[in-house]
Amino acid sequence: MTYSSSLLRLLDERGYIHQVTDAAALDALASKQVVPGYIGFDATASSLHVGSMVQIMLLRRLQQAGHKPIVVMGGGTTKVGDPSGKDESRKLLTGETIAANIASIRAVFERLLVFGDGPTDAVMVDNAEWLDQLGYVELLREVGPHFTINRMLTFDSVRLRLEREQPLTFLEFNYMILQAYDFRELALRVGCRLQLGGSDQWGNIINGIELARRMDGTELYGVTTPLLTTADGAKMGKTAAGAVWLNEDMLPSYDFWQYWRNTDDRDVGKFLRLFTDLPLEEIVRLEALAGAEINQAKIVLASEVTRLVRGDEAARAAEATAMATFAGGGLGEDLPVLVVPPEGIRLGAACTDLGFTASNGEAKRKIAEGAVRLDDRPVTDPGFLVQVSPGQERKLSLGRKRHGILRSA
């Protein structure tokens, strides 16, 4: 379909569109007025990770196209837990923990969106404002009649859990009702007309559209993005060392930069479109680079994403560290640092403390495989005692791409 609105053209050109409800009507609406659109984020940790980047960039594109982003923090829904894509129930968090997580997460959105009181300025709202006020019987009477158990059982978030014979609590079963209620409530409170989300949210978005139509006669719309995996089939945002967090206090900027620098050659063009603001012409040029030259495109990708999420200084420092570490054979200033006590530290423990490995057992295996180097020399004894002279530094490496500094206390 050829779109007339700048919003859907932008999303289509950049590769964000998977499904659209009534595309022609949404295209016409976005062509004639500002469309407020939202995405919800549950506050299950003090930072979002790279797996949320597509959704955050969707809100950025919405604003770039002249529309209004609404960031909905799930202060209410986090107390329930979204079963989508999960094999087990989430750990329930206290209200205080959820509030602290929301405050911590906000910083990333403030880098990527312009907040304010203008017609296209972003706003952040917490669905606890209305969900916490709902009475149980009130919800059952007002909203319950618009959902059938028969249909709810067909949604992937429920069906897949049941097919795997994993327990699905009644609490989680209600999540889709609360998310639908969010969409309807946002339409009433702030004139929201659009919900965006990943493809796994399609059923939840449809629920909200139908609920608003039945209860208020309001026409709402939805857009979902394709399921995003890397070329080797891995889920975005996860690595062997754990989640790739967006917040600086959860993951050093060098490691964040390096995650993008390690992108598979086949993903470079797609990631440049989704995660950077580079012009499409420049992206076409970069993704056409062949052989060793594609590494230059990966450096551009890493620096552009780090600049958006962490700021200019973090991007410059991470790239300079990479150049010093790889090209110059030295120690970049932005590498993770471990302070070694005067009595020294065992090599396996140093790998784990730097975050190279998840456990000492994993560290021992890597060391035995010859993957660990101290000052660029392989060491195969996990019990090797590493000592650092006063005022000196040493380099510890795992493979070719993970490096850290050992510094004297």
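Colleague: In which sense do β14 and β15 pair, and over how many bridges?

Modeller: In this predicted model, β14 and strand β15, residues 402–408, pair in the antiparallel sense over six bridges. One of the bridge pairs joins S397 to H403 in β15.

Colleague: What lies between β14 and β15?

Modeller: Three residues separate the two strands, which form a hairpin. In the turn, G399 has a positive phi of about 65 degrees.

Colleague: And which strand does β11 pair with?

Modeller: Strand β11, residues 372–374, pairs with β14, residues 393–398, in the antiparallel sense over three bridges. L374 has L396 of β14 as its bridge partner.

Colleague: Turning to the open sheet, what is its strand order?

Modeller: The open sheet has six strands in the order β1-β6-β5-β2-β3-β4, and its pairing is mixed. Its edge strands are β1 (19–20) and β4 (123–126), each of which pairs on one side only.

Colleague: How does β1 pair with β6?

Modeller: β1 and β6, the latter spanning residues 221–225, pair in the antiparallel sense over two bridges. V20 has V223 in β6 as its bridge partner.

Colleague: Which strands does helix α3 lie across?

Modeller: Helix α3, residues 53–64, lies across β2 (36–41), β3 (68–73), β5 (194–198) and β6. The helix runs at about 165 degrees to β2. Helix α4, residues 95–112, also packs on the sheet, touching β2, β3 and β4. The direction of α4 makes about 155 degrees with that of β3.

Colleague: What does W260 touch?

Modeller: Leaving aside residues up to four places away in sequence, W260 touches V50, M236, F271, F275, K298, L301, A302 and V305.

Colleague: Is α15 itself largely enclosed or open?

Modeller: Helix α15 is largely enclosed by the rest of the structure, because 13 of its 17 residues are buried.

Colleague: What span should α15 have, and how far apart are its ends?

Modeller: At 1.5 Å a residue, the 17 residues of α15, 294–310, should span 24 Å. The end C-alpha atoms are 24 Å apart, so the two values agree. The helix is followed by G311, whose phi is positive, near 110 degrees.

Colleague: A change of topic: how many disulfides does the structure hold?

Modeller: The structure holds zero disulfides.

Colleague: Finally, where is D249 found, and is D249 buried or exposed?

Modeller: D249 is found in the loop between β8 (242–243) and α12 (253–261). With a relative accessible area of 62%, D249 is exposed, because the cut-off for exposed is over 50%.

Colleague: What separates the C-alpha atoms of D249 and F170?

Modeller: Those two C-alpha atoms are separated by 35 Å, and D249 and F170 are 79 residues apart along the chain.

Note on methods
Residues numbered from 1 in each chain as written. Predicted model: local features only at pLDDT ≥ 70, side-chain atom pairs only at ≥ 80, totals over all residues. Heavy atoms only, no water. Pairing = 2+ DSSP bridges. Helix = DSSP H or I, 4+ residues; strand = E, 2+ residues; numbered from the N terminus. Disulfide = S-S within 2.5 Å. Expected span 1.5 Å × (residues − 1). Buried < 20%, exposed > 50% of the residue type's maximum accessible area, 1.4 Å probe, protein only. Contact = heavy atoms within 4.5 Å. Axes fitted to C-alpha atoms, helices over the stretch in contact; angles between N-to-C directions.
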